[in-house]
Amino acid sequence: MCIRDRYISECRQIVANLEECEVTIIPSEADVIVQFFCVETERCIEEAATQLHYIGKIKKANAKLFVAGCAANVLGDEFLSFPDVDYVVQRKPVAKAVLEKLGCSKCENKYYLGDDMPFDISLEISNGCQKKCGPCSFCFQGITGIPVRSKPMDYLLTAVKNSTDAGARRVSLLALNTCNYGIDFPEHKPLLHELIRKVSNINNAKVIDVYSLTIANMYPELVQELVTNPKVGLVEMGIQCGSNHLLQIMNTGATLEKTEKLIQAIVPNKKFKTIVIVGHPGETEEDFEQTISLLQKYNLWHTQVNPFMCVEGT
């Protein structure tokens, strides 16, 4: 889950504001190309050079090429050294910036938060997932058995410091299972709570959003940090369903009782985003109704409902 998703949703607003405009996934057909790059990638500029060279070779002669995303915010005009780049979008909503450069007069304020909106930095803090009960039945990535590989804390803190010095204010921590952060270090213990605390000590990091928390891997120090740290803004934790029967089939390692205890601790204090799955094999009408009842019981900030997707191995 990358903040790129938000950038892409902003770009769809360009289509909403331009008549006779449509989206294409083929760069050579496009009149306007918006290319995103992630600053957290260690070889960001090298990878960007390869991609931009390719786009330059295939794009229309009069097509406009915009560079956006976290890398554009941090590295800025470095991208203008590439001959095919026309504009770099820095520290403002992408859609609004593109519309302005195109000279579009139809730009409805309801779509935008304003030019002074601080940009975000997204950090993938680890790869892989580990739970005592094994992988969840619906998770293809978990079933593949990718081991947990956490990125060094000093490396992540340096990335946050560099980005906030450049103007970032909101930091998003991402992973397949953020609760696993640190378990592959020599101490073999989860350190997400410590990472959150150290990120919050960086003055210019004003808001910290934490994604992909798993109920089975939540631990007291982490819950305490999430609830009491004033800089923690959004907490995303997938509850998947509201039935012990279905949680067991899904092999999440969670129980309804632990789920409700965590919701009760977090919801009054933070924005709580969750994910539920419907249509999982073995789900009964009673299971479904119990999930609905759980969602109705608590005033959750945002609920994302996903249909079960049958992938080989799940």
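Trainee: Hi! Are Phe79 and Phe82 buried or exposed?
Mentor: Hello! Both Phe79 and Phe82 are buried. Keep in mind as we go that this is a predicted model.

Trainee: How are the rings of Phe79 and Phe82 arranged as a pair?
Mentor: Phe79 and Phe82 make an aromatic pair of the tilted kind. Their centres are 6.3 Å apart, and the planes make an angle of 35 degrees.

Trainee: How many aromatic pairs does the structure hold?
Mentor: There are three aromatic pairs in the structure. Another one of them joins Tyr181 and Phe185, and that pair is edge-to-face. Here the centre-to-centre distance is 5.6 Å, with 85 degrees between the planes. Tyr181 and Phe185 are both buried too.

Trainee: Okay, zooming out. How many helices and strands are in the chain?
Mentor: The chain has eleven helices and eleven strands. Buried residues make up 48% of its 314 residues. Among contacts with a separation of 6 or more, 75% link residues 24 or more positions apart.

Trainee: What is the order of the strands in the open sheet?
Mentor: Six strands build that open sheet, in the order 4-7-8-9-10-11, with parallel pairing.

Trainee: And which strands stand at the edges?
Mentor: Strand 4 (120-124) and strand 11 (302-307) are at the edges. Each has a single partner strand, so one side of each has no neighbour in the sheet. On average, neighbouring strands of this sheet are turned by 15 degrees against each other, ignoring direction.

Trainee: How do strands pair in general?
Mentor: Strands of a sheet pair through backbone hydrogen bonds, and the pairing can be parallel or antiparallel.

Trainee: How many bridges join strand 7 to strand 8?
Mentor: Strand 7 (residues 170-174) and strand 8 (residues 207-214) are joined by four bridges and run parallel. You can look for Ser172, which stands opposite Asp209 in strand 8.

Trainee: Which strands does helix 6 lie across?
Mentor: Helix 6 (residues 153-165) lies across strand 4 and strand 7. Its angle to strand 4 is about 170 degrees.

Trainee: What is Met218 in contact with?
Mentor: Leaving aside neighbours within four places in sequence, Met218 has contacts that include Cys179, Leu213, Val223 and Ile266.

Trainee: Where does Gln240 lie?
Mentor: Gln240 lies in the loop between strand 9 (232-238) and helix 9 (244-250).

Trainee: Why does Gln240 count as buried?
Mentor: Gln240 has a relative accessible area of 14%, and buried means under 20%, so Gln240 counts as buried. Beyond residues up to four places away in sequence, Gln240 touches residues including Phe138, Met250 and Ile277.

Trainee: And where is Ala216?
Mentor: Ala216 is in the loop between strand 8 and helix 8 (220-228). Ala216 is partly exposed, with a relative accessible area of 28%.

Trainee: Last one. Which helix has the lowest mean pLDDT?
Mentor: That is helix 1 (residues 4-17), with a mean of 52, whereas helix 7 (residues 192-200) has the highest, 98. The chain averages 82, and 81% of the residues score at least 70. Over residues 1-6 the pLDDT stays under 50, and over residues 106-118 it is below 50. Where pLDDT is low, the predicted coordinates should not be read in detail.

Notes. Residues numbered from 1 in each chain as written. Predicted model: local features only at pLDDT ≥ 70, side-chain atom pairs only at ≥ 80, totals over all residues. Heavy atoms only, no water. Pairing = 2+ DSSP bridges. Helix = DSSP H or I, 4+ residues; strand = E, 2+ residues; numbered from the N terminus. Axes fitted to C-alpha atoms, helices over the stretch in contact; angles between N-to-C directions. Contact = heavy atoms within 4.5 Å. Phe/Tyr/Trp six-rings, centres within 6.5 Å; stacked < 30°, edge-to-face > 60°. Buried < 20%, exposed > 50% of the residue type's maximum accessible area, 1.4 Å probe, protein only. pLDDT = per-residue confidence, 0-100.
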